[in-house]
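Subject: Structure for your files

Hello,

Here is the structure I said I would pass on. Please have it open while you read the notes below it.

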Amino acid sequence: MRFLLFFSFVACLLAQSPNTKITSGHRYPRLVIRNALIIEGNGTPASGPKDIVIQNGRIADIVALDPVAISRGAARRPAGDVEIEAAGKYVMPGLINAHAHLQDERGGIPQPFDYELKMWMACGITTIRDVGSETPKALQLRKQSAEGEVVAPRIFVYPMFNRSSPGNDPEEARARVREFKAMGADGIKILGVYRDVMEALEDEAHKAGLRIAHHAGVEETNAWDDIKFGTTSIEHWYGIPDAAIPEGRQHFPSSYNYNNETDRFRYAGHLWREADGELLGKVFDGMVQAHVAWDPTLDIYEASRDLQRAQNQPWFREYLHPTLAKYFEPNPANHGSYFIGWTSTDEAFWKENYRIEMAALREFEKRGGLIGCGDDAGFIYQMYGFGLIRELELHQEAGFQPLTVIQHATANNAKILGQEGRMGRVRTGYLADLLVVNGNPLENLKVLYPTGTDEIRDGKTVHTGGVEWTIKDGIPYYAPGLLADVKDIVAKARSATR
Ligand SMILES: [Zn+2]
C-alpha cells in the first residue's frame, strides 16, 4: 500500500498530460509508458516505477524513477509524442503462444481469421508459433502482420510433416525439408513419423537452420530419439513417459485401437503411472544436455480430467464462435471430440495423470530443463488466447511461482523460437511487444483474462483486470476494443446461422 501511495505521488508530481490522445492501432514516432511496474520476463522480481520509451518498434530506453533523484528534482523524465499512464498497473512482455494453430475453418465450416487474431491480441498474445502451418496462407499472414497491415501477433511458420506427407522415406523427407526452407518456413512440426524418417528430417533441418516441434504420439519414436536427433521442443508430453517405461511400451488392453480417439485419449490417461521415476530422471538429463525443450499444453487435456468445467467456460457465452461451438460438440468425425461415454473413471485416471505430469515438469525444470507454454486452442473446448491464460494457471497449479510461469510464456518461449536475443523480455533494445495490465498477475494470473476479474474495494465489488494495452512492434492496441470486435464477430455469425 505504501508503495502504491509512492506511486501516485510520483504520478501526480511528474506526469505531464500527453499532447496527443492515443489511438489504438496507430504507430507513433515516440511512445512513452509512464510509471510502470515492470515484470521483465526473465524470472527476476517486478520493479518500478519506470518510464519505458518506445521508438521504431523497439524499447529504446527504460528509465528508473528512483525516489532519491525525484526528491532532488533531478529525475530524468523522457518525453513522448503520446503517453500511456501505467501508474498502479503492471507492464510485462507480450505473451508468446508456442503451440498455436491459425484456423480459418473448423470441420470444413469457415471461421474468419480476424476472430482468432483479435482474440489472441486481446488476451495479450503478441507472438505465435503456428505449428502445422498451412502454406501459403500462413506465410501471407506472417507478412501482413510484420508490416502492420492486420491486427495480429507475430507469426512463426512451422509447416507439418506427418506420416501422410509426401515423401515418407528418408531421402524424400530431406527433399521436403529443403522445400520448406525455400518457401521461407521458420521451422517444421513433425507428427508421428518413423524413426529413419525422423533422423533424416532432423539432420536436414539442422543443416537448413530450421527448428523442430515434435508431437510424438504413441509411435516408434520417443524422447530418446528427440535427444539423439536434436528436436527443439517436445509438444504435449507423448514420448516422455513412454521413454521411461521399463518395457518400452505402455500396457494397452487387447481391444485397444490407436485410430479410435476414445481409446487413444482414455488410455493416454494411464500413461504417466507406467513411467519409472528413476528412468524418467535419466530422460530429463538427456533432454537437458541435448537442449530439448518441453511445451506441455496442459490446458488441452483438461476436458479429460473435468469434462463439465471444460464445457461450461464463462467466456463461451459471448465469445464462442458458432463454427467453433459446433466443432467442440462430441462427434467422432472431429479431432479431439471424443467425449461420448466419458466416465468418472476416465476422469479419475486423468487427474492422477496430471498429478504425476505436474511433478515431472517441476523435476525437469529443477534439472535444468527448458519449459515453454502453448495452448493448442481450436480443439477440445479451448478458445484462442483464453486457453493460453488457462495454461498459465495450470503451470501455477503444477507448483511454479507466477514469476516463473510468466517466464515460461515469454523468455523461455523466445528461446524455443531462437529469438531470445530480441523478444520475450522488457529490456532495452528488445522488440516493443509489451502488455499494460490492469492488476497484478503475480498475485492473480486471472487478471490476464480479457473478461477481467472482480475485486472487493472499500466493501464494494469492482470489476477490473484484463490487459489494457497490447503493444506489438511498438504499436499500441486497446485490448478491450479488440475484445468488443470479437464479440461483434460472434454476434453477427450467430444471427447469420440462426
Ligand atoms: Zn496442436
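Predicted model: local features only at pLDDT ≥ 70, side-chain atom pairs only at ≥ 80, totals over all residues.

Residues are numbered from 1 along each chain as its sequence is written, and side-chain values use heavy atoms, with hydrogens and water left out.

Cores. A nonpolar core here is a set of buried Ala, Val, Leu, Ile, Met, Phe, Trp, Tyr and Cys residues joined through side-chain atoms within 4.5 Å. Buried means under 20% relative accessible area, exposed over 50%, and partly exposed in between (1.4 Å probe, protein chains only). The largest such core has 100 residues, and M287, W294 and M383 have the most contacts inside it. Helix 3 (residues 113–122) gives the most to this core, seven residues; helices (H or I, at least four residues) and strands (E, at least two) are DSSP runs numbered from the N terminus. Apart from this core lies another of 20 residues, including I22, Y28, I52 and V82.

D376. This residue sits in the loop between helix 14 (344–366) and helix 15 (386–397). D376 is buried but has no salt bridge, and the nearest side chain of opposite charge, K189, is 6.2 Å away. For reference, a salt bridge is a side-chain nitrogen of Lys or Arg within 4 Å of a carboxyl oxygen of Asp or Glu, and charge is counted as positive for Lys and Arg and negative for Asp and Glu, leaving out His and the chain ends. The D376 side chain does make a polar contact with that of H101, at 2.7 Å. A polar contact is a pair of N or O atoms within 3.5 Å; within protein, one must be able to donate a hydrogen and the other to accept it, and residues adjacent in sequence count only if both atoms are side-chain atoms.

Aromatic pairs. Rings of Phe, Tyr and Trp (its six-membered ring) pair if their centres lie within 6.5 Å, with planes under 30 degrees apart called stacked, over 60 edge-to-face and the rest tilted. The count comes to 25 pairs. F339 and Y381 form a tilted one, 6.1 Å centre to centre with 45° between the planes.

N42. The loop between strand 1 (30–38) and strand 2 (47–55) holds N42, which counts as partly exposed because its relative accessibility is 22%. Its side chain makes polar contacts with the side chains of E40 (3.5 Å) and T44 (2.8 Å).

Regards
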